[in-house]
Amino acid sequence: AVPKGQDLFRIVLKREGRADPGKPDDLLLYDPDTQTGVTGKLNVATRGSSLVAVSDNEAWVIGGYKERVVERIAVTASGQFKIDRLPDLTVPRDEPGVARLRDGRVMAIVGRSRTAEIFDPKAMRWGPGGSPGIDTRKTPLVVMPDGRVVVFLYGSVVSVWSPASEQ
């Protein structure tokens, strides 16, 4: 069994061979200390998606190849997966940069749309989040201590988003 309080950074999206864009993927929650794991099944394929930890026991799979889907993965007290669907993104986001903001919202940036959107968990909806103006798939987002989000491309800062101005 997976110990209570297991962190989600050990969730692995498991694929056999080449990823099939139309086939849902398996999950594996693995504890390297005990070399044990618990498996689960997503409802959607994850090719081109991103995984973001939003708390110690919850992560979201966001976007993907031609996908607007967001699935929440939670680990229960018994160490099992609970998977449910959150509201869809407003546009498909292939290989989005994602980050949990300091105030609990979640940002998904770019994909092929050259825009960002932010999920408000209180309102349970996605809203606009500005635009870096360039295609930055697979781009790391870094949330700074003051709440600003720095967008990197090829090792250089290309955009800085501020929660104060929402852009």
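## A walk through the strands

Start by selecting β8 to β11: these 4 strands make an open sheet in the order β8-β9-β10-β11, with antiparallel pairing. Strands here are DSSP runs (E, at least two residues; helices are H or I, at least four residues), numbered from the N terminus, and two strands pair if DSSP finds at least two bridges between them. Before you click further, note that this is a predicted model, where local features need pLDDT of at least 70, side-chain atom pairs count only at pLDDT 80 or more, and totals for chains, interfaces and linings use all residues. Residues are numbered from 1 along each chain as its sequence is written, and side-chain values use heavy atoms, with hydrogens and water left out.

**Into the hairpin.** Now zoom in on β8 and β9, which form a hairpin with 5 residues between them. Click G104 in the turn: its phi is positive, about 95°. The two strands run antiparallel and are joined by 4 bridges. To see one of the pairs, select V98, whose bridge partner in β9 is A108.

**Along β9.** Show side chains for residues 106-109, the span of β9. Which way do they point? V106 and A108 go one way from β9, M107 and I109 go the other, and all are buried (buried means under 20% relative accessible area, exposed over 50%, partly exposed in between, with a 1.4 Å probe and protein chains only). In a regular strand the side chains alternate between the two faces of the sheet. Next, step across to β10 (residues 116-120), which runs antiparallel to β9 and is joined to it by 4 bridges. There, F119 stands opposite V106.

**The other stop: β4 to β7.** Select this open sheet of 4 strands, in the order β4-β5-β6-β7 and again with antiparallel pairing. Its edges are β4 (50-55) and β7 (81-86), each with a single partner strand, so one side of each has no neighbour in the sheet. The twist here averages 25° from one strand to the next. Between β4 and β5 (residues 58-62), which run antiparallel, look for 5 bridges. S50 is a handy landmark, standing opposite I62 in β5.

Jump to S165, in the segment after β14 (156-161). Is S165 buried or partly exposed? At 39% relative accessibility, S165 counts as partly exposed. Draw a distance from S165 to G130: they are 35 residues apart in sequence and 9.9 Å apart in space, C-alpha to C-alpha.

**Zoom out.** Show the whole chain: the protein has 0 helices and 14 strands. Of its 167 residues, 42% count as buried. Take contacts (heavy atoms within 4.5 Å) between residues at least 6 apart in sequence: 38% of them join residues at least 24 apart.

Methods: Axes are lines fitted to C-alpha atoms, for helices over the stretch in contact, and angles run from 0 to 180 degrees between N-to-C directions.
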